[in-house]
Structure formats: C-alpha cells, structure tokens
Amino acid sequence: MVNTTVLGFPRMGSDRQLKKLVEAYWNGKVTLPELTSGAQKIRASSWDQMKSLGLDFVTVGDFSLYDHILDTAIMFNVVPPRFQEHFKNELDIIYSEVASNTFDLSKWQDIYFALARGIENNKSTQNNCVGEQDCNNQKKDGGLPSLEMKKWFDTNYHSLVPEISSESDYKLVNLSLVEEFEHAKKLGHNARAVIVGPITFLYYCKLKDSLNEDSNKYSHAKKLIKVYAELIIRLENAGCEWIQFDEPILSTDIDDNIKEYFQYFYKNIDLELENQKKNLGVVNYKKKIKFLLANYFGDYNDILSLALELPFDGYHFDLVYGKKDLSESLFRNYSTDKVISLGIIDGRNIWKNDSAESETILNAALKYIPNISAISGSILCDESNPKLNRSLDYQSRKKLQSEIFKLPLLPTTSIGSFPQTLELRKYRQQYKKGEITKDEYDEFIYKKTEQCIQWQLDLGIDVLVHGEYERNDMVEFFGENMTGFTTTKNGWVQSYGSRCVKPPIIYADVSRVRPMTLEITKFAQDKAWEISNNKNIRVKGMLTGPVTIIQWSFVRNDVHISRVAEQIAYAIREEVLDLEKNGIEIIQVDEPAIREGLPLRSENHEVYKKWAVNGFKLSTSGVKNETMIHTHMCYSDFNEILPLIKRMDTDVLTVENSKSDLKLITENCDFAENYHAGIGPGIYDVHSPIIPSKKEIYTRLAALLKVFEKDALWVNPDCGNKTRTEEQVDLSLKNMIAVAKELRALI
Ligand code: GLN
Ligand code: ZN
C-alpha cells in the first residue's frame, strides 16, 4: 500500500501569521493565552491544508514558535546555567510541578524566548550570535546573551545552539509535542510525531564543559536516551503510531565517534522503553509505536548498511538531494516488512514537480531495481579559461596598486552598507506604494549618499563606500536589474525566529539589463572628490557575487547550477568593467554565502568549488591589474575554505572575525600562515549595539599584527552597518579609525 505524506510543513503561514503573532507577543500587544491560541490556529490550518491536499498523514512537532532545536532543548531541560540562575524561581515551580506530573506549558514561554533572544537590561533583544562564535556568555550590561545560532545544514535557516555540559540535567519537562499530537488527533487527523533525533540534536549543541575537558558531546546520547524514551512512552499512550526521527546529520560525512553513538542510541532505545515500562509496573510490554528514520538533504552513503541493521520500522530516503542511495545499495538489504519512504518532491525549491521523473523513480523503487543513476550534471566552468585569470599575480598587482593608491598602513574601510534608518524605510515603502514619485525617492537616496560621503570624510576613513541606501537587499536589488529573475509577494522563507526572507526566483537565462550600480557609485565618487578636493580619495564599488546570489535565491533546476553561476558572473563582470571604465578603482564583490553553499559531503566539494571560484573569477578578473578587487565573507570557518579563498585570487578579503574572538588567529592559526594577500579581519561586531572601546580595538589589532604582515592588514568592522543606528556607527567607526591611526605611528 502506498501512502502520501510530507516530512514537515512551512511554519510561518501564507501571510507570515506566525511572525506577526510572535512579534505582537514580544511587543506586549498579544497576551500569552492569545499567543497560545493563535499558534494552535496556525497549526490547525496547516493540518487542514495537508489533509485537503490529500495527504494520508499530517505532521506534528515540525511547527515551532521560534526554532525546533530550541523546542527540543526546552523539552529536555537543556537550559544554560545563566538562564537557570535568572529564572530560578520560575524553574523551581516548574520542576516541582513536573515532579507531581503537572506540565504547564505557559510557564515556559518567557524562558523559551529569553533563550532565543537574550535579555538585555531586563528586556529581550533580537541579538543572537550567528555562527560558531563564542558569545562568552558573560552578563553584558546586566543582560544575558541568547543562545548562539548555527546554519541548519546547507540551508539559509539558522538554528539555535543549546549549551550542554557534564552538569546538564536532562529531564522531560515540557510536553508541548504530546499536547499538539492530542490536538491533531482530536481534530480527526492521522498524525505522525516529528522529533529531532538525538544525534542531530547533539550536533547542534555546544559543549561547555568546565568539569570534564575531554568529554565528547555525542556521548550525551547515553543520557538523552532516558528522556527520549519517556517522551516516546507518553506519545504512545496518547495514541501516536509513528515517530519520525529527523537525523539529517546522516547526510554529512560523519566520523566513527558519531556513528558509534548513533548506533548505541537506536540499538538500545527499545530496551530503555521496556525498562521504563517495567518500572511503571507494566509487564510484557509490547511496543506498538513505530519509528521512521528520516535522513534528508542528501544520501546515507556509507552509513546505510549500518542504519538498515538498526530496529527502525521504516526509512526515509531523499531522492532529490540523495539520489545516489537509489543507484547504489538501497534495495539490496532492504527487508520487505519495513516501510520505505521516498522523498520525490524538492521541498527546498519552488518548481512544479516533474511527475515523469518521479514516476521513473517510483517505478524503479517499486520493482526493486536500482537503475536510476545519480544526476551529476556537467561542470561548465573551467578554471583554465583565459577570461578567468588576472594577468599578474597578487604580489605584482600589489606593487602597482600601492604606487597608485598610496594608502597608509592599516587602511580603514567599511563593508558597504550604512544604516537603513526608519526614515529611509519609510521613503522606500511610500515609493513602493506609489505615494511618492521615483524622482522624489531618488532625490532622497542621493541626498543620503552625499551625506554618507561627507560623514566618512569627516571620520577620516581611507576607503569610502556609497552606503547602499538604494538597496533593500543585496540579492533582490541585483535580481531586479537582471533578466531571468522574478520576485514574489508572499514567498517567505524563515531565516531565524520571526525573521523571514523573500528569495527571488531565477527562472530563465540571466543577463544584465542596464548598469546597476554605476550611477550611484559614480555620484558618490564625484562627491568625494568634490568635497575633499583630493583625487586620492576613493569610493569602493559594491556588488554581490554570483554564488551569494544563487545561494539566496530559488534557482531554476532545468540547467546545471554552474550554468546559472556563469550567466550571473557575466552580468556582474559587465558591471565591474563599467565601474572601472568610469574611474572606480576599488571594487568589492561580496560572497558572504560562499561557505554556506559548500555541499554536505566532501566528495562533492570540488564540483562546487569549481563553479563557485569560476563564477567569482569570471566576475572580477576582467579588470586591469591596477584595479583593486575586494571580497567579503561572513560566518564561516575560514580555515576550512582557505584553499577556495586562495583560488579566488582577490586583492583584499574582509571577513567577519570579531564575535569569534579572532578565530583567524586563535583557532585557525593556519590561516595567517597560508594566506598571503590583503586581509581585513572584522575588528568589531556590527550585530551588537555595544560600541567597541578603543582599548578593545587596540588589543585586537595588536594581536592581529603579530601574525599578519603589517602591510597586508586592513581595518574594518566585521560586516555591513545596515542594521545599526547612525549614532552607533559614528561612535564605533570613530574609535576604530582613531586606533588605526595611533597604531600606524607605532609600527
Ligand atoms: N556589502 C554588504 C553590506 O555591507 C555585505 C553584507 C553581508 O555581508 N551580508 O551590507
Ligand atoms: Zn558580512
């Protein structure tokens, strides 16, 4: 018998109902009971939609008010000590109620959001740490930092990072999943409970162990098994027939240690259930509830045979991103009494499904014939293409450029954007609604740009930017000015918490329609010359690179992605050459998403690197050797992608580096040893409202100077200034520039 289902359903609602509801709660416009009933309504309407579409099962547990990893953490009492302390009274009440088997979900709500958003001066902030960097978890300004965030595998969604240690006291303290299941059941749905599997959960956890330095976070699976079993028993008692264990970590290259705990957990979970039942006085317990192992985002690869030996009742295969499983050993060891779940629709893109292809896959699967070969696609870019390469190497270019630019040591610059103020956003909205004319809007944008130039000249920054006031978004803006792109009204995708983005859709061949940034960049450069009366003042042109444009869009799937990258690269190349022709001598092509696009399995890395590097080089290498090319990247382990970075052959790379406590020189000392071009490690964190002190900046720069060549080092914030206030930017840049000047005189 064949059933239809989904692994999960979008949380936000078609009109971002969830975002609006949650934010209204944060702003005090909605009460806790209203939040609870509002969330219930959104879930119920998703279930209705699933049912009316004809699905045989609906999913429960995939919904979340903020993030599903946080939900899992809260369910199992994974609350960092700083929050335990802060919410001591509240938690004492919760724990004593739990001990008497009472679970009041509403008591968790504020603790839950506090972990997600932090607490600053007694009020919550939306100031998470993104990436693996350390927030050092000290009370800042009397507040508490939120949990960090980490990209959800190779997507643009950010999960929270729970903190565990040998002192973690795992216990089942929150039964929202069970309540949601009961709700779905009451509404007449055939529901499957979705939970984050322990190994994927631990992959997102951060070990903060002061007691046990050598401890291994995956060994916590041994402790977690108790609480998972308790939850499973409660779900079974509630009438749940299937649990889906999400373990997308299986789509990555996992080591023996992870494999060992994966095996341990699932081999022993049945025994743990029996023991717990025995303790509850149930003899001869026969497990009724069934387990589905759900791996997605890729193939099982070498873990498949191991996984098939474990006592799962069914397995999910991602036959869109993990087609390789189907071509290899999928059916060889597959026992016929197990359920097989085949993912045939691309849940990560927006295209209508190709039913003919799905039929082929399903037929092959049904006949147990492993005859579908993985779609590999050809790689169209070629690094030996003469259009790719610049004619001189970095050192020779540097010589030429330093004679022309005459920049001081430790040149100062910024990453590009300046604050998108309330006033600016109001103008943009009015323009979009047709309430003001294009001329009125442009006049405002140009006025802001001119002010920004004056501001940077007053600050004494060495390489200026125009401020990016004309762009709402660094990808959308370019999409609007190239063929082959379209945008949606409501195509929202959750980025983190209540934050959503609306990726453009690349549906056809891409080419540049018109110069995109030329006019405003030239205007800024002319103003800089006019105001300063100094031709040595340069404004850096600011573009988004092909990889980031692709990563943050829905990409057409009828041609290989390398082809799309190449087309975008040619469009950006035209823009770069236009800027150069018009006197812009420093051009930055941003690639913040380059790390995020790296495939989950290392065997696929080279294919990606080829088209990514080629796309970037095609965009930038048409310029003269005298023109300086910058790029910017954020939230990556830069050491990991160093070979890729080197292949991009830029003159200056600016990177996010401040939140991670200078990871370029501490964790990743290899970087400084092996990277030999201009480098601007972010000197302070733009995502925090805190103004970096001169002392702090000085310490950081001095540390950097110990490992990087002094004439290779640039001084800049770690990312764009777009989300800060003008006052914060002013004070931060003032401190940054003052320290750079002081140090210059000393080195
Ligand atoms: N130039 C962009 C800006 O300053 C870069 C943004 C980014 O790194 N995501 O906003
Ligand atoms: Zn950035």
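Into which domains is the chain divided?

**View 1. Division of the chain in the predicted model.** Domain 1 comprises residues 17-118 + 148-362, and domain 2 comprises residues 394-744; these bounds come from an automatic or database domain assignment. Taken over C-alpha atoms, the centres of domain 1 and domain 2 are separated by 37 Å. Residues are numbered from 1 along each chain as its sequence is written, while chains are lettered from A and ligands numbered from 1 in the order in which they are written. The model is predicted: local features need pLDDT of at least 70 and side-chain atom pairs count only at pLDDT 80 or more, whereas totals for chains, interfaces and linings use all residues.

**View 2. Contact between the domains.** Domain 1 contributes 22 residues and domain 2 contributes 18 residues, two residues being in contact if their C-beta atoms, placed from the backbone, lie within 7 Å.

**View 3. The largest nonpolar core.** This core has 85 residues, and Leu70, Phe181, Ala193, Ile199 and Ile243 have the most contacts inside it. A nonpolar core is a set of buried Ala, Val, Leu, Ile, Met, Phe, Trp, Tyr and Cys residues joined through C-beta atoms within 7 Å; buried denotes 20 or more other C-beta atoms within 10 Å of a residue's own, with C-beta atoms placed from the backbone. Helix α9 (residues 221-237) supplies the largest share of this core, nine residues; helices are DSSP runs (H or I, at least four residues), numbered from the N terminus.

**View 4. Surroundings of Ala193.** Not counting residues up to four places away in sequence, Ala193 touches Val60, Gly61, Leu177, Phe181, Leu235, Cys240, Ile243 and Gln244.

Technical notes:
Buried ≥ 20, exposed ≤ 12 C-beta atoms within 10 Å, placed from the backbone. Helix = DSSP H or I, 4+ residues; strand = E, 2+ residues; numbered from the N terminus.
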